[in-house]
Amino acid sequence: MQHIVIVGCGYVGERLARQYIERGDSVLGLVRSRSGLERLAAAGIPAVRHDLTGADPMPGSLAGTRLFHLAPPPAQGQEDLHTRRLVASFDQAGHPRRLVYISTTGVYGDCAGAWVDEDWPTQPTLDRSRRRLDAEECLRRWSREHGGELIVLRVAGIYGPDRLPLERLKRGLPLVRPEEAPYSNRIHVDDLVTVCVAAMERGRHGAIFNVSDGQPSTMTDYFIRIAEAAGLPHPPLITMAEASAHLSEGMMGYMSESRRLSSRRLREDLGVELQYPALAEGLAQALGEQGQHGPTMA
């Protein structure tokens, strides 16, 4: 039996906690809000409230634990102050024995559609990715100075039940035509949970893993396939030259980067077999569960 702490126990963390609880492990989720506490209580997951934006001491001990850091960074700036506060709290609460951090493949920046493995240099172009790289570097300093083991997962776009752009498709918002659209990558939430457990159990200290299904496609193709699976109309298509006048700043940020992720290390070093290696299978599951249970809080 091992003590698992999940910092930022939301959409992914709740599923991760359930898997450990089913195995008989001791789990504690950390959430920022009262509604988060209520959500985890309803799911039978022990939890405490702790806000990484504040200066309150960490509730309880983290000494010797296995810790998943899933909490998002701040919405602004190039530094992840939340991760810095988490690491600072270890001096009072005790240092975890092993830590798995959920980062982003955005740390690679724009790779012009090239195939990217974990040795590709990090050159983030967007502040949201710079914050993630700042968190990685902060955690590596902690690991060097205090001896805690660290594994970094650079995760592609997460999809699953209640994590599909159905509302955007229903609103008929445009997308860039496929021949001009960048490559994007994705992973089903259940497969991400499998990878998290494997990384905690078998990941080599200091390792970095790209987490994707290894089947990149253009962002527009992804949206079209979701529309077809959900029985919705295809989105209207525009040229890249027209995009800035029709797409949000956030979407334009995604459109500015193109890369195809290699997941070879995930398969070979961790021995992970994905449950949803193809998008069609993953969408069928996501839409089926969403239809049965309705929306849930992330």
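Predicted model: local features only at pLDDT ≥ 70, side-chain atom pairs only at ≥ 80, totals over all residues.
Q: How do I check a helix length, and what is the reach of helix 7 from its first C-alpha to its last?
A: The expected span of a helix is 1.5 Å times one less than its number of residues. Helix 7 (residues 219-230) has twelve residues and reaches 17 Å, close to the expected 16 Å.

Q: Which residues of helix 7 are buried?
A: Buried means under 20% relative accessible area, exposed over 50%, and partly exposed in between (1.4 Å probe, protein chains only). By that rule, M219, T220, Y222, F223, I224, I226 and A227 are buried in helix 7.

Q: How far apart are the end C-alpha atoms of helix 4?
A: They are 28 Å apart, which agrees with the 28 Å that the 20 residues of helix 4 (residues 127-146) should span. After helix 4 comes G147, with a positive phi near 85°.

Q: What covers the buried residues of helix 4?
A: Contact means heavy atoms within 4.5 Å. The cover includes strand 4 (66-69), helix 3 (81-93), strand 5 (98-104) and strand 7 (149-155). Among the buried residues of helix 4 are L133, C138, L139 and W142.

Q: How many bridges join strand 1 to strand 2?
A: Two strands pair if DSSP finds at least two bridges between them. Strand 1 and strand 2 run parallel and share five bridges; here I4 stands opposite V27. Strand 2 also pairs with strand 3 (residues 47-49), in the parallel sense and over three bridges, with V31 opposite R49. Of the six residues of strand 2, five are buried.

Q: What hand does the β-α-β unit of strand 1, helix 1 and strand 2 have?
A: With the strands pointing away from you, trace the path from the first strand over the helix to the second: if it runs clockwise, the crossover is right-handed. The unit of strand 1, helix 1 and strand 2 is right-handed. Strand 2, helix 2 (residues 34-42) and strand 3 make a right-handed unit too.

Q: Which way do the residues of strand 4 point?
A: In a regular strand, side chains alternate between the two faces of the sheet. In strand 4, R66 and F68 point one way, L67 and H69 the other way, and all are buried. Strand 4 is joined to strand 1 by four bridges, in parallel, and F68 is the bridge partner of I6. It pairs with strand 5 over four bridges, again parallel, where L67 stands opposite L99. From strand 4 the chain crosses through helix 3 to strand 5, in a right-handed crossover.

Q: How many residues does the largest nonpolar core have?
A: A nonpolar core is a set of buried Ala, Val, Leu, Ile, Met, Phe, Trp, Tyr and Cys residues joined through side-chain atoms within 4.5 Å. The largest has 35, and those with the most contacts inside it include I6, L16 and F68. Elements giving two or more residues to this core include strand 1 (3-7), helix 1 (11-22) and helix 6 (189-202). Helix 6 gives the largest share, nine residues. Apart from this core lies another of 22 residues, among them L28, L62, L139 and L150.

Q: Is S217 buried or exposed?
A: S217 counts as buried because its relative accessibility is 11%. S217 sits in strand 13 (residues 217-218).

Q: Which side chains have a polar contact with S217?
A: A polar contact is a pair of N or O atoms within 3.5 Å; within protein, one must be able to donate a hydrogen and the other to accept it, and residues adjacent in sequence count only if both atoms are side-chain atoms. The S217 side chain meets that of R186 at 3.3 Å and that of D221 at 3.4 Å.

Q: Where does E257 lie?
A: E257 is in the loop between helix 9 (249-255) and strand 15 (260-261). E257 is buried, with a relative accessible area of 7%, and its side chain makes a polar contact of 2.5 Å with the side chain of T125.

Definitions and conventions
Residues numbered from 1 in each chain as written. Heavy atoms only, no water.
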